[in-house]
Amino acid sequence: MLQALEWILLGAASVGAVAVGVSRHRPARVAPWLLLAAAVACLAIGDVFYALDKAGVADTCYLTMFVFVALALLQFTRGGSLLMNRARLIDLLAAACAGLLVVWVFMIGGSGQIGSISAADVIGDLLLCGVAARLMAAAWFNWSAVLLCVGAVGVLAGDITYPMHPAWYTEIGYIVLYLAWGAAALHPSMTRLTTAVPTRPTPWVGRWAALLGISVATPPLVLLIEAVSGTVTDGVVIAVASALTLVLTITRLADSVTMNSHALVRERALREASEALVAAPDEAAVDRAIRAAAEQLLPAYDLTRILFATDDRQLTLEALPSAPPGPRPRSWWLEPSADDTAADGQATLVCPLWLEPLAVARPNGGALVLQGTREALAASRDALEVLAGQAALALDRITLVDAVGRRDSDLYLRAVIRNTADIMLVVDEDQVIRYASPALRELIGKDDIAPFTTLADLVHPDDRSQVRRALREEGDGVLYCALRRSDDTQVLVEATYRDLRGDRLVQGIVVTMRDVTRAHDPLERMPHVEHIDALPAWVNRRSAQHKFRY
């Protein structure tokens with residue numbers, strides 16, 4: 001009775017540790033850990049019945065335990081998990097099942113015992129150790145994977161040593177299983193075992209396909225040999241081995257078909273996106289093409305939000321952090337904050353719209369931000385990175401075409417009005433003078449205008465505020481201001497401006513100036529204005545001096 005109580009405590013502690021680990025660390029996939037907890041519970045129940053001398057019920061619990069373990073390992077190695085591609089593992093497991101069937105039928109015989117050792121338990125333990133070792137190799141330096149492998153080795157050692165010499169020290173292997181699997185769930189590295197990663201297609205290799213074919217053909221061949229030689233004595237074992245190899249083969253084919261269908265969807269979505277991006281004339285068309293491609297790559301129920309920002313300032317308004325330090329990555333994950341109440345399994349992927357050779361043409365950056373289930377985003381991460389690169393290339397092309405168009409427009413304007421006396425300027429959205437006719441330099445008495453000079457820099461300090469305010473507002477208009485010459489004198493001009501910032505070829509404000517300084521009285525020769533405040537400040541001062549004679 002005390003021994004039964006011991007197994008109850010160990011089983012409850014291990015199952016409780018798995019539950020606490022799942023609740024605390026919140027892995028991307030909960031199912032494999034719950035199946036592992038169910039396997040531990042079945043093992044504990046079997047040990048309790050074995051301690052109470054009910055071997056039949058205990059054997060049933062042990063077999064059920066292997067079923068739950070197999071389902072858990074199937075979830076751990078599912079497509080998109082840490083193992084990335086379980087094709088080779090399935091091939092090896094099918095070959096192991098076929099090989100162990102041959103050993104069972106032709107070496108162990110109908111007794112199912114190797115001396116006093118249960119051959120079925122040893123075969124199951126060997127398969128369990130093989131899968132755990134493969135998982136540990138895929139998750140190198142992962143303590144949870146190492147502890148899972150240690151637990152599998154412990155149960156194998158217990159199934160071998162305990163039947164040969166039943167004692168308390170030969171039960172240590174089972175105790176190691178309980179403790180190791182509970183600790184594996186409690187360690188923070190358990191989340192990495194179910195972290196979604198992009199799947200990688202495995203090239204077809206003839207020897208692996210031949211190995212899988214031989215594994216599937218082995219059970220019928222063994223059955224044929226027994227039938228020809230006499231009575232079939234291992235029909236149940238042959239049927240179980242045949243079912244296992246068949247399930248593994250179907251799983252292998254299903255994985256191949258799924259990966260092929262996903263590859264076709266990605267290829268079609270990227271091809272259609274490339275066609276749309278090549279023909280996109282502006283940023284709005286690029287936005288529509290990117291959203292359509294993202295909706296094809298990710299199912300609607302897996303995609304929560306798409307943010308296509310062509311400027312890093314837009315990302316700042318969305319309160320998204322910048323890229324992690326170090327070499328600029330092609331994409332990165334945004335870790336949820338501690339007070340984030342989003343559903344489990346949700347994540348945010350950021351793909352920057354940045355290409356190294358063309359950064360000078362479009363230095364504002366930007367990013368494609370997608371929110372959805374982490375598993376779906378990870379499975380399509382490579383395709384989303386390619387999509388972001390294509391979008392960046394399309395935006396750079398549009399930017400360069402617009403820049404060339406503006407340059408050609410400025411060159412045409414310079415060639416047409418080179419010898420005219422009219423003063424014309426093209427001002428960018430940030431009020432920097434992009435082009436100025438030669439007449440402006442003659443008017444202010446300067447040989448050249450410094451780069452990045454704004455129109456407000458050329459006017460009198462009293463008029464700068466109204467110039468900035470007028471050019472900042474939308475629409476056309478007329479303003480009066482005084483330009484400062486190089487000899488500190490002032491020139492009164494009438495500036496007519498047209499807002500062409502929405503024009504693709506201009507993307508700026510066209511200002512035409514007329515010199516009205518030579519008027520005898522500035523107010524007599526000035527066109528009528530509704531408000532006298534629209535006149536330059538120095539004109540208002542001269543008018544007041546003339547009126548009140550001071």
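**Helices and loops in a predicted model**

Helix H3, residues 55-76, has 22 residues and spans 31 Å from its first C-alpha to its last, close to the 32 Å expected at 1.5 Å a residue. That expected span is 1.5 Å times one less than the number of residues. The structure is a predicted model, in which local features need pLDDT of at least 70 and side-chain atom pairs count only at pLDDT 80 or more, while totals for chains, interfaces and linings use all residues. Residues are numbered from 1 along each chain as its sequence is written, and side-chain values use heavy atoms, with hydrogens and water left out. Helices (H or I, at least four residues) and strands (E, at least two) are DSSP runs numbered from the N terminus.

The buried residues of H3 are Ala-58, Cys-61, Tyr-62, Met-65, Phe-66, Val-69, Ala-72, Leu-73 and Phe-76. They lie on the same side of H3, because they cover an arc of only 150° around the axis; the arc is that of the directions from the helix axis to the C-beta atoms. The face turned away from this buried side carries the exposed residues Gly-56 and Leu-63. Here, buried means under 20% relative accessible area, exposed over 50%, and partly exposed in between (1.4 Å probe, protein chains only).

Leu-92 is partly exposed, with a relative accessible area of 45%. Its C-alpha atom is separated by 9.5 Å from that of Val-131, 39 residues apart along the chain.

Next comes a helix pair. The axes of H9 (residues 235-278) and H10 (residues 283-297) come within 9 Å and cross at roughly 175°, so the two helices are roughly antiparallel to each other. Axes are lines fitted to C-alpha atoms, for helices over the stretch in contact, and angles run from 0 to 180 degrees between N-to-C directions; roughly antiparallel applies to angles over 145 degrees. Contact (heavy atoms within 4.5 Å) involves residues including Val-265 and Arg-266 of H9 and Val-286 and Ala-289 of H10. The contact residues divide into 10 nonpolar, one polar and two charged.

Two loop residues complete the picture. Gln-431, in the loop between strand E7 (423-427) and strand E8 (433-436), has a phi near 70°, a positive value in a residue other than glycine. Gln-431 is buried, at 10% relative accessible area. Asp-488 also has a phi near 70° and sits in the loop between strand E9 (477-484) and strand E10 (490-500). Asp-488 counts as exposed, at 71% relative accessibility.

Definitions and conventions: Angles under 35 degrees count as roughly parallel, over 145 as roughly antiparallel, 65 to 115 as roughly perpendicular and the rest as oblique. Ala, Val, Leu, Ile, Met, Phe, Trp, Tyr, Cys and Pro count as nonpolar, Asp, Glu, Lys and Arg as charged, and the others, Gly among them, as polar.
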